[in-house]
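User: I would like to learn how to read a structure feature by feature. Can we start with how a helix begins?

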Amino acid sequence: MKSTSKLLLAAGLALAGTSALAADDKIVIGGALSMTGIQAPLDTPGYNGALVAVKYLNDNGGVLGKQVEFINIDGKSDPVTVGNVAVELIDKGAEVIVAPCDFDFGSPAGREAQSAGLVGISTCASDPLYSSWSLGDKQFTLSMWNTTMGATAADFAVKEKGWKTAYVVTDQFIAYTKSLSKYFVEQFKANGGEVILEDTYTNGDNNFSAQLARLQALGKKPDVIFVSSYGTDIGVIIRALREVGYDAPILGGDAYDDPAMHEALGEKFGNDVYFVTHTWMGPEAHPDMAKFIELYTAMHGKAPDTSFVSTGWDTVMLIAEAMKAAGSTDGAAVAKALEDGQFKLLTGDLDYGTAEEGHVPNKAAAIIELKGGKPSFVGWRKPESLPKP
């Protein structure tokens, strides 16, 4: 029987306890989040959200009677640096490691945490490779897997919108961009949809002319366009499609949850774009979201503009709740508490599978629409069936 824990506004008050106190008076959470490079638009908001959570916990008695310290060293969007940073953080006394929001960039931190017997949690890696199967029995991700992200997009397209034909573009950049398309295509076809063309793109090319030529050679337009890409290239691809008259709705994943991309598309190109992400930064998504936004704004001087900030808050609150349930910061005990618990988060209710099940994160997903370059909340969705990871 799993226990249910509420990790939000009242949670901090309950986290102060006296069991399993170590000799020192603080709990160190180590972060290898990337503040620079291509990963920064996903990791930096998570870092900012994590800082809000740490302050909230410390203002309400800390965790297990101790204050929490979050030490982040820039992973620089480089897997080797991320791994080295994790080793440095462990040497500094980190008792849990927070890894970047991606398998390719984040897994080196997870592997070092596992080697040291510590729990590691990625703020939002979504490729199913980010699992206990490949990283070890103490490794978790806060995000839904791409099985859920891709299936949510496919179900939305076929079952809600009636879009029957799709053009799919897959950026060959990292595991995330490749598997997101794979699971979308699998679910789209299972729903009765037809993929009229699957094409590839190489991140950094900034030239979509060859793909457009192949699409135009088909002589027919798709009902929906699914683009799985990363960083500024998403905007490059969308603009290229729109400029030559492809006005079909565009679908994608959480990498679209970037205000810089929305601004780059602007009023002209930022329309009829939908993406699946972690939550919506408004009270429609969660009854406690308004309070979180208030805390965030008080610390950072402006309201959050991407759901990635909530992944940082949720990761720290999840760690705190698991330590409280375990009565300890011991890696094995904290991992068991994460497996056994059910958690109500700003990014949706979360229930982990066992280590044998990959620590699959059972979660819902949020769908967002861009209109005139401005995001709006469509709603929460949870597919009835998922592709196999």
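Analyst: A polar contact is a pair of N or O atoms within 3.5 Å; within protein, one must be able to donate a hydrogen and the other to accept it. Keep in mind that this is a predicted model. At the start of α13, a side-chain oxygen of Asp330 comes to within 3.2 Å of the backbone nitrogen of Ala332.

User: Which residues of helix α13 are buried?

Analyst: General idea first. An α-helix has 3.6 residues a turn, so residues three or four places apart point the same way. Now the case here. Helix α13 spans residues 331–340, and its buried residues are Gly331, Val334, Ala335, Ala337, Leu338 and Glu339.

User: What covers the buried residues of α13?

Analyst: The cover includes strands β5 (119–122), β6 (139–141), β12 (341–345) and β13 (348–352). Helix α12 (308–326) is also part of it.

User: Next, the sheet. In what order do the seven strands lie?

Analyst: Strands of a sheet pair through backbone hydrogen bonds, either parallel or antiparallel. Here the order is β8-β7-β9-β10-β11-β15-β16, in an open sheet with mixed pairing. On average, neighbouring strands are turned by 20° against each other, direction ignored.

User: Which helix packs on the sheet?

Analyst: Helix α7 (residues 175–190) does, touching β7 (165–171), β8, β9 and β10. The direction of α7 makes about 165° with that of β7.

User: How many bridges join β9 to β10?

Analyst: Two bridges join β9 (residues 224–228) to β10 (residues 250–252), and the strands run parallel. Ile225 has Ile250 in β10 as its bridge partner.

User: Now single residues. Is Ala86 buried or exposed?

Analyst: The cut-off for buried is under 20% relative accessible area. Ala86 has 0%, so it counts as buried. Ala86 sits in helix α3 (residues 79–91). Not counting residues up to four places away in sequence, Ala86 touches Ile97, Ala109 and Glu112. For scale, Ala86 and Pro128 are 42 residues apart in sequence and 21 Å apart in space, C-alpha to C-alpha.

User: Where is His278 placed?

Analyst: His278 lies in the loop between β11 (273–277) and α11 (289–300). Its relative accessibility is 2%, so His278 is buried too.

User: Which side chain makes a polar contact with that of His278?

Analyst: The side chain of Asp254 does, at 2.7 Å. Leaving aside neighbours within four places in sequence, the contacts of His278 also include Cys124, Ser143, Met144, Phe308 and Trp380.

User: How many cavities of 30 Å³ or more does the structure hold?

Analyst: Rolling a probe the size of a water molecule over the atoms shows where empty space is left. The structure holds one such cavity. The volume of the largest cavity is about 40 Å³. Its lining consists of Leu42, Cys101, Asp102, Cys124, Ala125, Ser126, Tyr176, Tyr230 and Asp254. Asp254 is also the polar partner of His278.

User: And what lines the largest pocket?

Analyst: That pocket has a volume of about 270 Å³. It is lined by 17 residues, of which Pro259, His262, Asp305, Lys374 and Pro375 lie nearest its centre. The elements that give two or more residues to the lining are α10 (259–269), β11 and β16. The largest share, three residues, comes from α10.

Methods
Residues are numbered from 1 along each chain as its sequence is written. This is a predicted model: local features need pLDDT of at least 70, side-chain atom pairs count only at pLDDT 80 or more; totals for chains, interfaces and linings use all residues. Side-chain values use heavy atoms; hydrogens and water are left out. Two strands pair if DSSP finds at least two bridges between them. Helices (H or I, at least four residues) and strands (E, at least two) are DSSP runs, numbered from the N terminus. Axes are lines fitted to C-alpha atoms, for helices over the stretch in contact, and angles run from 0 to 180 degrees between N-to-C directions. Contact means heavy atoms within 4.5 Å. Buried means under 20% relative accessible area, exposed over 50%, partly exposed in between (1.4 Å probe, protein chains only). On a 1 Å grid over the protein atoms alone, a cavity is a set of points where a 1.4 Å probe fits but cannot get out, and a pocket is an open set with protein on both sides within 12 Å along at least five of seven lines; lining residues have an atom within 4 Å of a point. Grid points are joined across faces, edges and corners, and a volume is the space filled by probe spheres set on the points.
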